[in-house]
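User: Hey, got a model open here and I'd like to talk through how it's put together. Can you walk me through it?

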Amino acid sequence: MTDLTSDGPRCAADTEAAAAAAFDVEISAALPARAGRSDAAGYFAEENFEALDIFRGMVLSHKRFETLLQGLCEQVVAAVPGADMAGVTLLHHDSENPATAACSDARVVDIDSDQYRADEGPCLEAARNDRIVCVRVDEATARWPTFAAAVANIGVRSYLSAPLAVDSAHAGSLNLYGFDAHGFNDIDEVVVKMFVTSFEAAVWHARHAVEAQREVAGLREAMKTRGTIEQAKGILAVVRGISPEAAFLALSEQSQRENTRLAVLAARVVESVVGGLNRP
């Protein structure tokens, strides 16, 4: 007969807890060790959400390009726990003249300039190869020795650069610099990519909005021009007693003889008639 004393359930619970702990340890031991910070809870701080909201507001309010770049640098530093400074590098696809277009700290300009002079470093690699670069100081020293030696006195120990698409003529990167030796992690990369995507979408929509405005303005001008040409064609048809088609051909030939745009010639014809009618 089984003993159902009060110690029975307690012993069973202890046995189950011990089995669960042993299982968790076994699984954890089988996983590769993760480098970098483990403070995922840091992303749920109030200032992190505030940074995201601020940048979202900037994107939705259609700020100027330069303002968006500056806001991108400042808010990504506020949102990523390990980021102490940030900057944006832009370079022409067909040239070797990169420049720092915005930054959250003046020291970023010095760090970027050393990369440009050495023609190596995380910001250039991310922009040129269109991929995220995430390294700590020891790896940076091995990959880019000239650059690493130049910035050693600044004390940056962690680098995270993400490619930034601006337009067909430029490549770019959003660059984060940290003084913490633990480096950036996968969550940091996701957050940075989110900021980059939001910025790229804002730029894309702004560019297409401008193009649409230009097309509308061009259409309006074409409509005005078309009306003036139709009026001039009618006037010439009456003056010469010819068909509208022949009048349009005559206007075109006169435009070529004078080396004058057809719209300008048509406006002159209309103005000559309207001005003559208005004269006493």
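User: What should I know about the source before we start?
Analyst: This is a predicted model, where local features need pLDDT of at least 70, side-chain atom pairs count only at pLDDT 80 or more, and totals for chains, interfaces and linings use all residues. Residues are numbered from 1 along each chain as its sequence is written, and side-chain values use heavy atoms, with hydrogens and water left out.

User: Ok, sheet first. What's the strand order?
Analyst: The order is β2-β1-β5-β4-β3, an open sheet of five strands with antiparallel pairing. Strands here are DSSP E runs of at least two residues, helices are H or I runs of at least four, and both are numbered from the N terminus. Two strands pair if DSSP finds at least two bridges between them.

User: And which strands stand at the edges?
Analyst: β2 (99-103) and β3 (133-136) do, each with a single partner strand, so one side of each has no neighbour in the sheet. The twist averages 25° from one strand to the next.

User: How many bridges between β1 and β5?
Analyst: Eight, in the antiparallel sense. V88 has L174 in β5 as its bridge partner.

User: Which strands does α3 lie across?
Analyst: α3 lies across β1, β2, β4 and β5, and runs at about 140° to β1. Axes are lines fitted to C-alpha atoms, for helices over the stretch in contact, and angles run from 0 to 180 degrees between N-to-C directions. Helix α5 (residues 122-129) also packs on the sheet: it touches β1, β3, β4 and β5, and its direction makes about 145° with that of β5. Contact means heavy atoms within 4.5 Å.

User: Switching to the cores. Which residues have the most contacts inside the largest one?
Analyst: V76, V80, V88, L174, L176 and V192, in a nonpolar core of 27 residues. At least two residues of this core come from each of α3 (65-79), β1 (85-92), β4 (158-167), β5 (170-178) and α8. A second, separate core has 17 residues, including I111, W144, V156 and Y177. A nonpolar core is a set of buried Ala, Val, Leu, Ile, Met, Phe, Trp, Tyr and Cys residues joined through side-chain atoms within 4.5 Å.

User: What's L174 in contact with?
Analyst: Leaving aside neighbours within four places in sequence, L174 contacts L72, V76, G87, V88, L160, S161, A162, L164, V192 and V196.

User: Now rings. How many aromatic pairs?
Analyst: Two. F147 and Y159 are edge-to-face, at 5.9 Å centre to centre with 65° between the planes. F147 is in helix α7 (residues 145-151) and Y159 in strand β4, so this pair ties together parts that are twelve residues apart in sequence. Rings of Phe, Tyr and Trp (its six-membered ring) pair if their centres lie within 6.5 Å; planes under 30 degrees apart count as stacked, over 60 as edge-to-face and the rest as tilted.

User: Last one: where's I242?
Analyst: I242 is in the loop between α8 (186-240) and α9 (244-258). I242 counts as partly exposed, because its relative accessibility is 30%. Not counting residues up to four places away in sequence, I242 touches L236, A237 and A247.

Note on methods:
Buried means under 20% relative accessible area, exposed over 50%, partly exposed in between (1.4 Å probe, protein chains only).
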